[in-house]
Amino acid sequence: MTQHRPKNNLTRRGFVTAVVGFLGSVISAFITLPGISYLISPGLKKSDTAFWMPLGPVDDLVEGIPKLYTFTKTKRIGWEATGISYGVYVIQKPSGELDVFSNVCTHLSCRYTFREDLDHFFCACHGGHFAKDGAVLAGPPPRPLDRYEHKVEDGIISVHIV
Ligand code: FES
């Protein structure tokens, strides 16, 4: 007695095994891909974009006297979230216009302060002196103070942080 075999050598058992294997792969992909995407996506994101930070009412300023504003902002770069502290000096000129400076020294990035006794900015790290318009008066700083782009809307000063 001869046994009948399919011409393409695919048995019923082989067919069922192939279908079950294929369906298992599809189901596995549906389960694992969202998880992998969730884990990888933060690393593919770019850092947070620039933002405008409101500082306070322009009416709080006294002409010619620098006012220091400080705040902390969390920046995310990939998986890493870092709290960055900012210091901003705002000074109102006699014309009413504002000068807005980063409080980071342009020499080696120490934080400078406004010294009332000197009537200008002073960086204690290496003796850097800056005028109230940001110009270098003395010491090693290679350039004037860095400025922030700023605006005043509805009486509120905001700086553009990048
Ligand atoms: S860091 Fe300010 S003078 Fe050197």
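Residues are numbered from 1 along each chain as its sequence is written. In this predicted model, local features need pLDDT of at least 70 and side-chain atom pairs count only at pLDDT 80 or more, while totals for chains, interfaces and linings use all residues.

The domain assignment of the protein gives domain 1 (1–44) and domain 2 (51–161); such bounds come from an automatic or database domain assignment. Taken over C-alpha atoms, the centres of domain 1 and domain 2 are separated by 62 Å.

Strands are DSSP runs of E with at least two residues, numbered from the N terminus, and two strands pair if DSSP finds at least two bridges between them. Strand S2 (residues 67–77) and strand S3 (residues 80–92) run antiparallel and are joined by 11 bridges. Within this pair, Thr74 stands opposite Gly83 in S3. S2 and S3 form a hairpin with 2 residues between them, and Gly78 in the turn has a positive phi of about 65°.

An open sheet is formed by 4 strands in the order S5-S6-S7-S8, with antiparallel pairing. Its edge strands are S5 (113–115) and S8 (136–138), each of which pairs on one side only. Inside the sheet, 3 bridges join S6 (residues 120–123) to S7 (residues 128–130), and Cys123 stands opposite Gly128 in S7.

In soluble globular proteins, nonpolar side chains tend to be buried together. A nonpolar core is here a set of buried Ala, Val, Leu, Ile, Met, Phe, Trp, Tyr and Cys residues joined through C-beta atoms within 7 Å. A residue is buried if 20 or more other C-beta atoms lie within 10 Å of its own, exposed if 12 or fewer, and partly exposed in between, with C-beta atoms placed from the backbone. The largest core has 16 residues, and those touching the most other members are Leu55, Val88, Tyr89, Val90, Val100, Tyr112 and Val159. At least two core residues each come from S3, S4 (98–102), S6 and S10 (156–161); S3 gives the largest share, 4 residues. Two residues are in contact if their C-beta atoms, placed from the backbone, lie within 7 Å. Not counting residues up to four places away in sequence, Tyr89 touches Pro66, Leu68, Phe101, Asn103 and Phe114.

Pro57 lies in strand S1 (residues 51–57). Pro57 counts as exposed because it has 12 C-beta neighbours inside 10 Å. Leaving aside neighbours within four places in sequence, Pro57 is in contact with Gly155 and Ile156. The C-alpha atoms of Pro57 and Ile157 are separated by 6.1 Å, although these residues are 100 residues apart along the chain.
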